[in-house]
Amino acid sequence: MEEKRHYCPAKTQTAALAEYEALKFGVFVHFNMQQFVYTNDEFTQERDPSVWNPDKLDVEQWFRQWSGAGVKYAILTVKHTSDFCLWDTKTTEANAMNSPIPVDIVAEFVKYARKYDIKPCLYYCIWGGAYNHRENAGEIMLAQLDELLTGYGEIYLMWLDMANWRPEGMTVQALYDFVKERQPDTFVHFNQHIQDGTMIHYFPTDIMNGEERIPPKTGHVKLREIDGSTYYLPFEYEICLQKVEENVGKGYTKGTRWFTYDKSHPAPIEDLYPYIEQAYRRGASNVAVSTAPDHTGRVRDEDIEALSQLHQLIEKREEMG
């Protein structure tokens, strides 16, 4: 019997990776149940569709605003810790189509991303092991990923979180292969958790990160040797735009929030930008700013203004070389 083919990351900077690194500036669109259910750790298991009610939903408004703010790619949290799905999935009733606002958010997201020339990327929270254990977790998860990868056209990047929660017997290689078999050109980004990118917890991955952490003082090493082979792994720095006046979050600044809430607001630019500048200086290729619509389903003006200011500072830095 012929051995199953395994896919692997690029061993040099390909044209596709050079294009990815040239994007520089993206948004991490944390939009899910958390807009309606606030918790200090931003984890929730609320999955009742009746709770999901963004009554002024306007996905085109997001992209119109982001395009004006210089955004080049956008990552949508299609399923976070609650298992609530933002698309018309056949795997569970806990999805947006059964809510008071029955809109397939993923379909809208990719449509307007393409209209405004912003790369559509999807975030998916892995589950089924230590978190939310179910006998058929692996089967459901793969069915959900298959829907996302076969039902919405080309997806630029799949951002896979919490690989430590994957079902028993499911390997990172198997998940990587599953994506590549359906969309070979899609980048697969496994979140490497809160650290500076020196550790690779999950491989294969096409992109490295540290989740709210910039590269070390010595700089990010893109060429990494793993099991006797060298791979080219660029770094993305994720930073939260939102903050609250509480000692929560795990970012460099107090009160960081991945999601947008009534009581959250943009952190001061003078607090955020130094970390962004330092991340680029230490070898980060891209910065993804976590910002999203609020519970109404629209992006707030104050958040766009802050995003625009950050982009202007990044552009000025690029111009100065």
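Which elements each supply at least two residues of the lining of the second largest pocket? They are α1 (15-23), α3 and β3. Helices (H or I, at least four residues) and strands (E, at least two) are DSSP runs, numbered from the N terminus. The model is predicted: local features need pLDDT of at least 70, side-chain atom pairs count only at pLDDT 80 or more, and totals for chains, interfaces and linings use all residues. Residues are numbered from 1 along each chain as its sequence is written, and side-chain values use heavy atoms, with hydrogens and water left out.

Pockets and cavities were located on a 1 Å grid over the protein atoms alone. A pocket is an open set of points with protein on both sides within 12 Å along at least five of seven lines. A cavity is a set of points where a 1.4 Å probe fits but cannot get out. Lining residues have an atom within 4 Å of a point. Grid points are joined across faces, edges and corners, and a volume is the space filled by probe spheres set on the points.

The second largest pocket has a volume of about 270 Å³. It is lined by 15 residues, of which K119, E154, I155, Y156 and D185 are the closest to its centre. The lining comprises 7 nonpolar, 2 polar and 6 charged residues. In this scheme Ala, Val, Leu, Ile, Met, Phe, Trp, Tyr, Cys and Pro count as nonpolar, Asp, Glu, Lys and Arg as charged, and the others, Gly among them, as polar.

The largest pocket has a volume of about 470 Å³. Of its 23 lining residues, D41, F43, E211, K250 and W258 are the closest to the centre. The elements that give two or more residues to this lining are β4 and β11. By class, the lining of the largest pocket has 8 nonpolar, 8 polar and 7 charged residues.

The whole structure holds 2 cavities of 30 Å³ or more. The largest cavity has about 50 Å³ of space. Its lining consists of E212, Y237, I239, G251, Y252, T253, T256, L272 and Y275. R47, D83, C85, T91, T92, W127, R134, I140 and Q144 line it. This lining has 3 nonpolar, 3 polar and 3 charged residues.

Strand pairing was assigned where DSSP finds at least two bridges between two strands. An open sheet of 8 strands runs in the order β5-β4-β3-β2-β1-β13-β9-β6, with parallel pairing. Its edge strands, β5 (187-190) and β6 (208-209), each pair on one side only. Strand β1 (residues 25-29) joins β2 in the parallel sense over 4 bridges, and G26 stands opposite Y73 in β2. On the β3 side, β2 pairs with β3 (residues 119-125) in the parallel sense over 6 bridges. There, the bridge partner of Y73 is K119. The chain crosses from β2 through helix α3 (residues 105-115) to β3, and this β-α-β crossover is right-handed. A right-handed β-α-β unit is also made by β1, helix α2 (residues 59-68) and β2. Right-handed here means that, with the strands pointing away from the viewer, the path from the first strand over the helix to the second runs clockwise.

β3 and β4 (residues 157-161) pair in the parallel sense over 5 bridges. C121 has L157 in β4 as its bridge partner. Strand β2 (residues 73-79) is largely enclosed by the rest of the structure, because 7 of its 7 residues are buried. Buried means under 20% relative accessible area, exposed over 50%, and partly exposed in between (1.4 Å probe, protein chains only).

An open sheet of 3 strands has the order β11-β10-β12, with antiparallel pairing. β11 (256-257) and β12 (265-266) are the edge strands, each pairing on one side only. 2 bridges join β10 (residues 242-243) to β12. K243 has H265 in β12 as its bridge partner.

The search found 0 disulfides (a pair of cysteine sulfur atoms within 2.5 Å). The sulfur of C85 lies 11 Å from the closest cysteine sulfur, in C125, too far for a bond. C240 is in no disulfide either; the nearest cysteine sulfur, that of C125, is 15 Å away. C85 counts as buried at 0% relative accessibility, and C240 counts as buried at 2%.
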